[in-house]
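Take a moment to look over the fold.

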Amino acid sequence: MSRYREAKFRAVTAFQRRIANPILRRLPIQTALETTGRKSGLPRRTPVGGRRIGGEFWIVSEYGDKSQYVRNIQAHPEVRVRIRGRWHTGTAHLLPQDDARARLRTLPRMNSATVWAVGTNLLTVRVDLTD
């Protein structure tokens with residue numbers, strides 16, 4: 001990773017981890033992804049922007065396998081997604097073959113614009129919902 005991309009990654013993730021995520025994950029209307037911590041085994045909630053399409057929920061991770069929630073999915077693919085205040089269980093799948101930029105055009109605009117602007121290694125995640 002170039003020095004610029006590494007600096008961008010560190011700045012954005014520090015802001016998300018310390019300021020944005022603690023506020024957003026508490027808002028009941030904010031969509032959230034709950035994974036199981038790969039080391040701790042504890043639930044980890046991350047605010048996400050995605051869209052439910054039928055029995056699937058689609059997300060694009062801005063940092064691919066450097067994202068903590070993606071690493072948690074790799075270890076434990078069973079997740080929960082809070083959509084409009086209601087929790088749904090499902091199994092997450094990482095889709096590196098999917099065109100993440102094209103996928104962003106199908107997801108909510110504000111979040112997609114942010115992911116597009118700050119992302120350095122886009123990765124599509126599909127959650128197959130079971131309820």
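Start with L123, which sits in strand β7. Helices (H or I, at least four residues) and strands (E, at least two) are DSSP runs, numbered from the N terminus. This is a predicted model, in which local features need pLDDT of at least 70 and side-chain atom pairs count only at pLDDT 80 or more, while totals for chains, interfaces and linings use all residues. Residues are numbered from 1 along each chain as its sequence is written, and side-chain values use heavy atoms, with hydrogens and water left out.

Is L123 buried or exposed? L123 is buried, at a relative accessible area of 11%. Here buried means under 20% relative accessible area, exposed means over 50%, and partly exposed lies in between (1.4 Å probe, protein chains only). Now look at what surrounds L123. Neighbours within four places in sequence are left aside; L123 is then in contact with I59, V60, S61, G64, D65, V70, L94, L95, P96 and A100. Contact means heavy atoms within 4.5 Å. Take S61 from that list. L123 and S61 are 62 residues apart in sequence, yet their C-alpha atoms are 5.1 Å apart in space.

Next, step back to the sheet. It is open and has 7 strands, in the order β2-β1-β5-β6-β7-β4-β3, with antiparallel pairing. Two strands count as paired if DSSP finds at least two bridges between them. Strands of a sheet pair through backbone hydrogen bonds, either parallel or antiparallel. Which strands form the edges? They are β2 (43-47) and β3 (50-53), and each pairs on one side only. On average, neighbouring strands of this sheet are turned by 30° against each other, direction ignored. Axes are lines fitted to C-alpha atoms, for helices over the stretch in contact, and angles run from 0 to 180 degrees between N-to-C directions.

Focus on one pair. Strand β6 (residues 86-95) runs antiparallel to strand β7 (residues 123-129), and 6 bridges join them. In this pair, L94 stands opposite V125 in β7. A helix packs on the sheet too: α2 (residues 68-75) touches β1 (32-36), β2, β4 (56-61), β5 (78-83), β6 and β7. The direction of α2 makes about 50° with that of β1.

Now for the charged side chains. How many salt bridges does a search of the whole structure find? The search finds 5. A salt bridge is a side-chain nitrogen of Lys or Arg within 4 Å of a carboxyl oxygen of Asp or Glu. One of them joins R80 and E34, at 2.8 Å from N to O. This pair links distant parts of the chain: R80 is in strand β5, E34 is in strand β1, and they are 46 residues apart. R80 is partly exposed at 27% relative accessible area, whereas E34 counts as buried at 11%.

Another salt bridge joins E56 and R126, at 4.0 Å from N to O. E56 lies in strand β4 and R126 in strand β7, 70 residues apart. A further one joins D98 and R103, at 2.9 Å. D98 is partly exposed at 22%, but R103 is buried at 18%. Salt bridges that share partners also join E34, R45 and R80 into one network.

Finally, take in the whole chain. It has 4 helices and 7 strands, in the pattern α-β-β-β-β-α-β-β-α-α-β along the sequence. Of its 131 residues, 41% are buried.
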